[in-house]
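These are my notebook entries on a structure with several chains. I set down what I looked up, one topic at a time.

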Amino acid sequence: MVEVILFAVFGTVAIAGALTVILARNPIYSALGLMATMFSLSVFYIMHLAHFVAAIQIIVYTGAVMTLFLFVIMLIGVDRTEDTAEQLPNQRRIVIGLGLTIAITTVVLTVGQNFKWVTAPGSGPVNWDANADATNGTIQAVGRVLFGADTAERTAGWALPFEAVSLLLIVAAVGAIALAFFRPLRKVGPSPVEDE
Amino acid sequence: MDFPMLSLLILVPVIAAAAVMLLPKERTELHLPVALVLSLLPVGLGGVLFARFESVVGFQFVEQAPLIERWGISWHVGIDGVALPLILLTTILIPISIAASTSIAKNAQLFLAMVLMLEAGLIGVFSALDLIVFFVFFEAILIPMYFIIGIWGSENRIYAAIKFFLYTAFGSALMLVGIIALSVMQQNKTGVSSFDYTVLLGLEISPAAQAWLFAVFGIAFAIKVPMFPFHTWLPDAHVQAPTAGSVLLAGVMLKLGTYGFLRFNLPLFPDAAVRFAPVVATLAVIGIVYGAAVAIVQTDLKKLVAYSSVSHLGFIMLGIVAFTQNGLDGGVIQMVNHGLTTGALFLLVGMLYERRHTKLIADFGGLQKAMPIFAGVFLFSTFASIGLPGLNGFVGEFLVLIGSYATLPGFAIVATAGVVLAAVYLLWAYERVFTGVADKPENQDVPDLNLRETLIFVPIIALILLLGLYPKVLLNRIEPSTAGIIDRIEATTDYVEPTFVIGEPSE
Amino acid sequence: MAGPTPYMALAFILFVIGATGLLTRRNALIMFMSVELMLNAVNLTFVAAGRAIGNFTGQISVFFVLVVAAAEVVVGLAIIVAVFQKRNSASVDELSEMKG
Amino acid sequence: MDLLLDNLWLIIALPLAGAIALHFAGRFLPEPLPGLAAAGAIGLAFVIAVIAFVPLATGDAEPRTLMLWEWMPGLGAAFEIRWDQLSALMTLIITGVGTLIHIYSVGYMHGDPRFSRFFTYLNLFAASMLTLVLASNFAMMFVGWELVGLCSYLLISFWFTRPSAAAAGKKAFVVNRIGDFAFIVGLMLIFSQFGSLSMSETVLNHPGEVISPSMATAIAILFLIGAAGKSAQIPLYVWLPDAMEGPTPVSALIHAATMVTAGVYLIARNAAIFELSPVALPIVATVGAATALVAALIAIGQNDIKKVLAYSTVSQLGYMFLAVGSAGYVAGVFHLMTHAFFKALLFLGAGSVIHGMHEEQDMRKMGGLRKAMPITHATMLVATLAIAGIFPFAGFFSKDEILAAVFANGGYYFVLWGVGLFTAFLTAFYMTRQYIMVFWGTPRWVEGLKPHESSLWMTLPLMVLAVLSAGAGFLNAPQLLTLEHYLDPVFEALHPAHLESELPRLLGMDGLALGLALVSLAVALTGIGTALYVYARSSERFREWFANATRRPMAASENAFWVDKFYGKTIVLPGKKLAQGMASFDASFVDGTVNNVAGAVKRIGMALKPLQTGYVRSYGAGFVAGVIGLVIFFLTRGGV
């Protein structure tokens, strides 16, 4: 019962946040809207007992990423309001058209058919509640699965992707530094902004 | 064969090309002589090949080495009576065209290397018995010729080079489809895919499949020949190509198309060959008459000779689709003859261009006074090209005409008109260029052929006379192979070659 | 509340909002945030699906999506700043030299 | 003797060797030497021919074929020589007249810069003509046939700096080539019927069993067209008058004595095939008669001394075709021989007149040359009488025999006999006209021009030919019929039944034959008389009347009935237009399609270009659309 209430409340918060992201005049408001959405999502994660993921969501996403966003917004100038006039010719129409198609198809496909989420062979109806403890995402549980601790032949589980991703992060960091640092050297013609 | 003759013959020009490239760049006076000497090696090898070639059906000097077993691709080379003359023609024309390209100033080293690479490709394509090896060489020769035309050509050489390359590449792409289809059929039938020509000969293909395969291969070769609708790249390529380029292009590369018909279209798809013979014959005859007619009104001497090639190759194609012993023999020997006569004509036009920097007939007039030897050689080549009996052009044309009458009477008679038209356009050109009084001052003191240039023509004239008077020397070697092709067609289709018993009416 | 359907529906809505944001807004930052929004929607589906099939793959996938998103933001913002330094405007339509 | 008979190829080899030697070494020899070398080569060939001819004539040697080497085995084509009565006779004529003309040329070409080159070509011509005549294989004959055309091309345009000469040379070769077109097609038929091109296997061993009459007709007609091309018969005679551009000895040798008779020889050699077809011989005869008449009419109006003789040759060739066409092969060959003598003499005489008049060829600027050039005058008088057909001279016998042969056929041939007779009258008329305009009347040449008699080099051959023109007639005099019996083995198999009875009797000088002979003599005399009256005796007033009365026909005759212009308009011009049309078609359509295809590809590319707007967001829309598409695809196909 509590779940339903929580879902309703935070569902609306998430959607409201999302809408502010795309409709707000001022980037700051959209950043805040995004934070609200992320926060409500972490609540949902907790409802699914995915504690580790919820924690990361808050720390990495809402914390680090959004602050970075705010920082950049500050850098670019917060008071800049956008004129919402649309240059691209029929961009709006395309978006609306796409929106409609996806809406109609989902409705047609889902309503009426016995839409099964899990279509893997031999899987019975989803025992939603029974799975609760199976996916009790404590850090220990996720850690064990991540590094394949209890898999039969002790394979490394997700170790390889984990390393790959870490490499990705390093590359991203180097990239960002390079972009920021070497910019003055790559002088491409006179640009108004160039001061130093 | 104990001694890998053919592979060596393909390798030697490659080594020669590399050697020329390794020569010091600034010692330009060294490049041409070295290339010339090195290009004589294949001539020697060709001679040995010719001597040890027995006049018997089937392939000789065969070598086989696996390349990609999984798909059944092997380095399978060998020659028979049809391929031998063309390889000899290649080995002979290369030194001649090298000797004739002294006027190539810009980066001659690369030019000579390109010519030698072209030789390797040509010998490879004529001796390949594996379809993929054939296809690789078929494409490989395009590249050096593209550069020869593209870099050392005259005014709008780029347009001509690209047009030549794309046109032929389009054709060979079609052919690749055919080749792969064949190997797939082979796989479906025997479970093992193979590109080996001799293996594919055993594969019986349904008439429907034969039809489209014949068409696919046929179009690729028709572009190369070139046959009537696909010939427009030839005049452009020739007008823009340097002398050596034209000689090799007309002398040998055009024969790829006709060789392709003889090697692949007839034996592999005999049923379709018999069915499509009238179509091919029509295009051939149109080519003869049309090529000759268009040649008459050409203002550019080189274009005139190019269109004459279209006409002559029409004869070869008519000979091939006549499916008679004489027709095929005439076709094959005419390939060699055309190579020599048109090669000579292109050399002459090239030398004229080097002297007068123009190819337009209108700019010439009364040259015979200033250059009698040149005029003499030009007249000799003209009459060889017209098909004057006693010279080599006649032997090929006569065999084709008489040979093709038995099965394609109407076509043969119309083709004979080409003989008259040939006389018209070449003699009219000769008259406007050489006879009359040299009214324009620059035509009065044009230098005649120097020793080097005259020496170039000595072997050609000798061969023209030899093949004209005693063609048996080549015909003996060609005859068994062409007989083999006809027997194969007779065996696999209900076509029977009309034969005569002297004294018994065949009607 | 048996089954993940409601969560999937919510994620779907968030995703569509993100997409429209991406396509309609011209400010690079807003577009960027819309992308983040879409990624979050995807994360939600992962977690819900994980619970539906009863193992941790869902949550681990979220973990990786998150990292990738972080890397993307780092580079993306650096580019936006660099572009801004040069063009003095964050509007995406300015950058149309790569026209066909 | 046998040694000689075994290597008859020497007859061809000698002039050929002469040609090759002179080609390379000629330039270095001083003036008369190349000429002598060339004359020597052909003279030697003549000697060998005579030696080899004797046993054949006396009958103790059989005709033989000598295989030299195989040329194209597939076609049964080989270089093989046939030495029988017909080819022996032809060889004698060619080498005999040829030697005389070679000697004459040494004088005529004196001082020409390309002196040795001229004799190279002359020897090459002799070799090719002999190849043609001696061939026992159609392929070898075709070699001779075309090489003769080549030499006539080279010799006509010998003075190549003159554009008209070069054009005439080309015209001669092309028209001959049209004839060769028919010849090749004929050979195609022969090969398809007999399976070989060797004469001994085809035409010489009873072809009747192999080919049907209709096939024989086809081959005969094709050979006729080929012969018409070479022997300048209607419609392919236009090249011969232009061939007068070449030096006069060339006209004498090639365009009078030897090459143009090749057509007659071809028909005579293949008489067996012509006999087989019911309709071929009358066609040949009609073509011959028509050509004789038309050419004679044109000859009357010509004012260039050589053009008169050219049309006269065409006319006499018409006679030969008429003879062969009425199965009078012997008569045809006989006339061929006598014509070779007196026509060569006429041409050489004309040459010496031109030489004497310093290259003046227009008869209207000549006249009264009697005293200035006595030998030329005497020899040309003999030749004129001979060609007109006056009694003791050769022309009378050969022409009379032709008319007799034609008359013997009866029926349709009577018409041809009439035409022949009228042409004889015309021949006598225009020859006398020429004779008078050149040698009699008041000298009309330009002042300061002193015509002089030619050197001995030139006059000696004239005299020899004059003797031959006078005496040759008796070779086949009615009683003796030596030539008839000599040529019997070649043609005896062919005596068609209907001729079997009359011909020997007719020629045996009984009433009818005598009558015919007298008729033709009378016609000839009237011809000469009228010409004399018109051009020499008549009063001034008559000449005016005659001039304007015949002004229009004379003009027509002078311009050869404008046939050349007609050919120009109907064949050459449209041909050129068609070729230009094809060339532009080729450039625009065929080439066009290729370029259009290339253009189309470019246009498609341009059309797609706007898709790349450059705006990130439109690309974004593309992404999203793609995603949605995939989702829908998987949903519909997949899980549901």
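**Entry 1: chain D by itself.** I began with the contacts inside chain D, in a model that is predicted. Of the contacts in chain D between residues at least 6 apart in sequence, 81% join residues at least 24 apart. I then looked up the secondary structure and found 26 helices and 2 strands in chain D. Chain D has 640 residues, and buried residues make up 57% of them. For the dimensions, I noted that the C-alpha atoms of chain D fill a box of roughly 120 × 65 × 60 Å along the principal axes.

**Entry 2: chain B against chain D.** I next looked up where chain D meets chain B. The contact involves 47 residues of chain B and 48 residues of chain D. On the chain B side, I listed the elements that give two or more residues: helix 13 (270-296), helix 15 (325-356), helix 16 (367-370), helix 18 (392-405), helix 19 (409-434) and helix 21 (472-492) of chain B. Helix 19 of chain B gives the most to this side, with 11 residues. I also recorded the classes of the chain B residues that touch chain D: 31 are nonpolar, 11 polar and 5 charged.

**Entry 3: chain A against chain C.** I repeated the search for another pair of chains. Here 68 residues from chain A are in contact with 64 residues from chain C. The largest share of the chain A side comes from helix 3 of chain A, with 12 residues. By class, I recorded 51 nonpolar, 13 polar and 4 charged residues on the side of chain A that touches chain C.

**Entry 4: two helices of chain B.** I returned to helix 15 of chain B, which I had listed among the elements touching chain D. How do the axes of helix 14 (residues 301-321) and helix 15 of chain B cross? They come within 8 Å and cross at roughly 170°. Angles over 145 degrees count as roughly antiparallel, and therefore helix 14 of chain B and helix 15 of chain B are roughly antiparallel to each other. Among the residues that meet, I noted B:Leu301, B:Val305, B:His312 and B:Ile316 in helix 14 of chain B, and B:Gly327, B:Met335, B:Thr342 and B:Val349 in helix 15 of chain B. The contact of these two helices has 11 nonpolar, 10 polar and 1 charged residues.

Conventions. Residues numbered from 1 in each chain as written. Chains lettered and ligands numbered in written order. Predicted model: local features only at pLDDT ≥ 70, side-chain atom pairs only at ≥ 80, totals over all residues. Contact = placed C-beta atoms within 7 Å. Helix = DSSP H or I, 4+ residues; strand = E, 2+ residues; numbered from the N terminus. Nonpolar A, V, L, I, M, F, W, Y, C, P; charged D, E, K, R; others polar. Buried ≥ 20, exposed ≤ 12 C-beta atoms within 10 Å, placed from the backbone. Axes fitted to C-alpha atoms, helices over the stretch in contact; angles between N-to-C directions. Parallel < 35°, antiparallel > 145°, perpendicular 65-115°, else oblique.
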